[in-house]
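Good morning, and thank you for coming.

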Amino acid sequence: MSANSIDVKPSRLANALSRATPFWSIAGVLLLAAILSRFLFLEEKAFHHDESLHAYYSNRVANGIPHEYSALLHGPFLYYFTGAVMWFFGSTDFVARGASAFFGVLLVASPLLMRRFWGPAATLALMTLFLVSPMTLYFARFLREDAFTTVWALGTVFAAFLFWRTRAAWTLYLATALLAFHFVNKENSYLHSFVWLLAMGAIAFFVGRLGSVAKSDQTAPFHHDRGEPLSKTDKGYLVLNAASIFTTIYVLFYSSFFRHSKGSWHGIVDGLYRESLLYWWDQNQKRRIDGPFDYHLPLISNYEFLALPFLAFAWWRVVTIARREAPGFFSSKVFIGLCLTLFAACFLVPRIALVPDACSYTSVCLDTASKALGDLAAQVAKPLHLSHSRHFLQILAYVAFGAAAFFSALRLRRRFDAFVWFWLTGALGIYSYVGEKVPWLTAYILLPLFVLAAMEIARLLTRSSLPSDTTLHGDAARVEALETADADLSHKARLPALVWVAFALPFTLWKGYAAAFLYPDSTRERVVFTQTTPTVKLVRDRWRQIAKANPGKPFKVGMFGDSTWPFAWYTEEFGAGDFAKPTPETAKNLDVVLLDYSQLEAARKEFPEFDIYALPLRHWWVPGQDPSLPEIARYFVTGQHYKRTPQSTNDDLGVGETKVLYLEKRASAFFQGRAKPDFLALLHEATTLVPN
């Protein structure tokens, strides 16, 4: 080849880069927006009590103390990763939350793993959904396991899919490593693995029976990266290597990197079942943080409404195309009508209380109408954590909608779609059932929901059937038929979808901004749950100001009870924390004492040399069970609380606050020259002096 020909002909790489430039430009903008939205003003909000626990124990790791697994604190990965970040950058609020924020950015970037198989539209759509999701944004700026776990869970599914499509060894190793990190980060790894295995088992069982996939497709052999078949020996090495990767990660973290005080095996067994499974099963039975069966649905509707129509479009697409292609019960008009009827019944059928606790906010109380029938209903409802008849209808609706989508997707040779529909149905069922009802668990329902929504957005925008099995196995006529059916539906739905995005996207961005930046610690936001008040952070800021103005002055805080978290973290930078219950003798060496409010009378007698203040520690809102439509609409737009039950008084909103006693020594050298009025002004009079 001559030099001239080299100059004239562009290389394949140049052509590829030219075609990819718009995609990478948009992806780069999305990632930059993710970095800014996850990291800006990260330290402004007061630390939630869970955040303070995680930060405190991570700081111990940064100081060389091994972390030993406790189910209450969840898996050890968070502490070792956050501790490593603190060791490198310093132990500050920003750095502690920065560990979660970093994984929040990784979640936005994770769809790039699927770019070659999904194409640019679905990849960018999923990145955008994660970027603008108010709940994903909020918990990316929150030091809990969930920012980490969402990356591990989604990455495991994506890497496993890549292995299925390519049979490349590295994809299996990646999936195994991500699954291992999931297990060493949070115990819901058992729940997710259970759902994923059930999904794969159901697909393997039904796919051949539906006649949608050829036998050769079902038993596709393992291959190397280059595609050559593997011998039985090579297959064994592949499995052995994957098992070694999982075991190594698991053993290192649960053994506290072989530094566990009770021995490595003790920590491993705790992580395997003794602490993890037994503790959380017990908590599930106790229902320590209780809530209704449909706890997560109002959260999704209030914050993630942007994606919901695309989920509906995706369901409608798969069942209607399956009905055209291969009529059957799960894609018939009768079954579709049954699903829609169930959906309407979940909202329109009057509530019938199945347990006595629900009688205060339901239309009919079964226990009152018939004691025998009420007892029978309660025996069925209580183990499933159901309260009234609409909860039972929701179970039927989940199963019906999930089954319709799952079997229809299998008929269309879209096994990945079928897997994600099964995953979404399982996540809705499991997280509706579990006894802990907290907003951060909603993130695990959003993962499959967003994946389905992103694939639907891509199908609306492009003439692509996405990861359909037929794209691998050469049934060109059927691929063309599917794409034509997809295109027909997309043409009809494209304009309504664009109108919806134009309306909902600005409101979604506002919701995210309000939750993460404007009202991140306000009870008006349901995603906030229970939160440390801003006053607590102002107290710590005051200590910092005094320490800066008077360097070298000793400062010691004694704390006991509710105030320990977050104050254990907030006193860490001063080296000032003492967790033993203060006594008149030990208080002589303390500048500040923090006690539960119930200790007021004892504090007046035992600590006369201290000024006593009532300090608001936490506040919360527990929403009512049966709000009216105007109340729901008003809250959606304005964030205004509504009554607990229709029978409640107007001021019974389920809003509450925990106060603690803040005692400050009058003769303290640390506070010398700091007048009480200055303190009250700093706290905006939220903290009040309690007369001795």
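Is arginine 144 buried or exposed? Arginine 144 is buried, at a relative accessible area of 5%; here buried stands for under 20%, exposed for over 50%, and partly exposed for anything in between, with a 1.4 Å probe and protein chains only. Before going further, I note that this is a predicted model, in which local features need pLDDT of at least 70 and side-chain atom pairs count only at pLDDT 80 or more, while totals for chains, interfaces and linings use all residues. Residues are numbered from 1 along each chain as its sequence is written, and side-chain values use heavy atoms, with hydrogens and water left out.

Arginine 144 has a salt-bridge partner in aspartate 146, at 2.9 Å from N to O; the criterion is a side-chain nitrogen of Lys or Arg within 4 Å of a carboxyl oxygen of Asp or Glu. Aspartate 146 is likewise buried, with a relative accessible area of 2%. In total, the structure holds 23 salt bridges.

A second pair lies in helix α20, residues 371–384, where lysine 371 and aspartate 375 are four residues apart, about one turn of the helix. Helices are DSSP runs of H or I with at least four residues, strands are runs of E with at least two, and both are numbered from the N terminus. The closest N and O atoms of this salt bridge are 3.8 Å apart. Lysine 371 is exposed at 51%, whereas aspartate 375 is partly exposed at 35%.

Glutamate 573 sits in the loop between α27 (564–570) and β5 (577–578) and arginine 540 in helix α26 (residues 534–549), so the pair ties together parts 33 residues apart in sequence. Arginine 540 is buried at 1%, and glutamate 573 is partly exposed at 43%. Through shared partners, salt bridges link Asp93, Lys537, Arg540, Asp541, Arg544 and Glu573 into one network.

Let us turn to helix α15. Which of its residues are buried? In α15 (residues 276–286) they are Ser276, Trp280, Gln283 and Asn284. Viewed down the axis, they fall within an arc of 105°, so they line one face of the helix; the arc is taken from the directions from the helix axis to the C-beta atoms. The face turned away from that buried side carries the exposed residues Leu278, Trp281 and Lys286.
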